[in-house]
Amino acid sequence: MSGILNTLKLPDIVTLLNALCGFGAIITVQNGTLHLSCILVLLAAIADGLDGNLARYIGGSEIGGSLDSLADVISFGVAPAIIIFSYMGNGYIILISICFYLICGILRLARFNVSKPDNAFFKGLPITASGIIVSAIILVDNGYLSPIYMGAGCIILGILMVSSIRYMKIRGKKKTMPLTLIFAISIISYFVNPPMVSTFTVPLLMAMLLYLFSPIYKNKEYKK
């Protein structure tokens with residue numbers, strides 16, 4: 001036990017917080033607090049971004065990369081899948097689509113762990129982004145989304161995660177600060193005025209959808 005603890009660094013502690021938020025999302029959705037589960041996934045995403053920044057600035061441990069992937073499977077793979085299942089019901093369409101989503105997320109993380117690092121781009125949609133999109137959609141939706149559309153969304157996210165499409169890494173204060181503010185508005189609104197969380201999460205959902213389609217805009221720029 002002491003040997004493992006001695007290898008942990010501050011970024012690893014933040015990674016474990018990511019995992020705990022994901023686990024908390026799974027527990028809370030079982031208790032019927034759906035929106036809180038989605039908020040915990042958003043908090044996990046903040047921790048996921050923070051641990052990466054800390055690792056770049058102060059250095060990470062030898063187990064940091066593997067630990068990060070394990071935490072991401074919980075927070076942005078398993079947790080969103082269970083949240084969708086609880087929200088949409090247990091029909092075959094949803095069950096098949098969330099299984100596909102989860103498998104693609106696991107495959108994407110496995111590929112990431114053995115790929116050569118790229119400082120500018122991700123290969124395939126990050127699983128963190130997928131988890132955020134799922135949570136934002138459910139926070140914004142007021143019961144109008146049908147299982148067919150949600151199932152189709154899970155399939156699309158899964159395909160994008162295992163694809164070779166390049167997604168830009170969001171780094172630098174000019175990019176991260178506005179995104180952090182959007183996250184904060186959504187999260188704080190839940191604790192201050194829960195009925196308004198759907199309204200205040202719209203900017204986050206729009207930002208994530210822009211990121212989802214960003215490779216299209218980039219390709220158009222390259223062709224000019």
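Gln30 is found in helix 2, where helices (H or I, at least four residues) are DSSP runs numbered from the N terminus. With a relative accessible area of 53%, Gln30 is exposed; exposed means over 50% relative accessible area, buried under 20%, and partly exposed in between, with a 1.4 Å probe and protein chains only. Gln30 and Ser86 are separated by 56 residues in sequence and by 7.7 Å in space, C-alpha to C-alpha. The model is predicted: local features need pLDDT of at least 70, side-chain atom pairs count only at pLDDT 80 or more, and totals for chains, interfaces and linings use all residues. Residues are numbered from 1 along each chain as its sequence is written, and side-chain values use heavy atoms, with hydrogens and water left out.

Helix 2 and helix 3 pack with their axes 8 Å apart and at an angle of about 170°; the axes are lines fitted to C-alpha atoms, for helices over the stretch in contact, and angles run from 0 to 180 degrees between N-to-C directions. Helix 2 is therefore roughly antiparallel to helix 3, a label given to angles over 145 degrees. The contact of helix 2 with helix 3 comprises 17 nonpolar, 6 polar and 2 charged residues. In this division Ala, Val, Leu, Ile, Met, Phe, Trp, Tyr, Cys and Pro count as nonpolar, Asp, Glu, Lys and Arg as charged, and the others, Gly among them, as polar.

Leu10, Ile13, Leu16, Leu17, Leu20, Tyr57 and Ile58 make a nonpolar surface patch of about 740 Å². The elements that give two or more residues to this patch are helix 2 (10–30) and helix 3 (34–58); helix 2 gives the most, with 5 residues. Patches are made of residues with over 30% relative accessible area and no salt bridge, nonpolar side chains (Val, Leu, Ile, Met, Phe, Trp, Tyr) being joined within 5 Å and like charges within 9 Å. A salt bridge is a side-chain nitrogen of Lys or Arg within 4 Å of a carboxyl oxygen of Asp or Glu. Accessible areas come from the Shrake-Rupley method with a 1.4 Å probe, and for residues only the protein chains shown count as cover. Leu16 lies in helix 2 and counts as partly exposed because its relative accessibility is 35%.

Leu50, in helix 3, is also partly exposed, with a relative accessible area of 43%. Between Leu50 and Arg108 there are 58 residues in sequence and 21 Å in space, C-alpha to C-alpha.

Ile132 is placed in helix 6 (residues 127–140) and, at 6% relative accessibility, counts as buried. Ile132 and Leu204 lie 72 residues apart in sequence and 8.8 Å apart in space, C-alpha to C-alpha. Met150 belongs to helix 7 (residues 147–162) and counts as buried at 4% relative accessibility. Met150 and Pro178 are 28 residues apart in sequence and, C-alpha to C-alpha, 28 Å apart in space.

Notes: Parallel < 35°, antiparallel > 145°, perpendicular 65-115°, else oblique.
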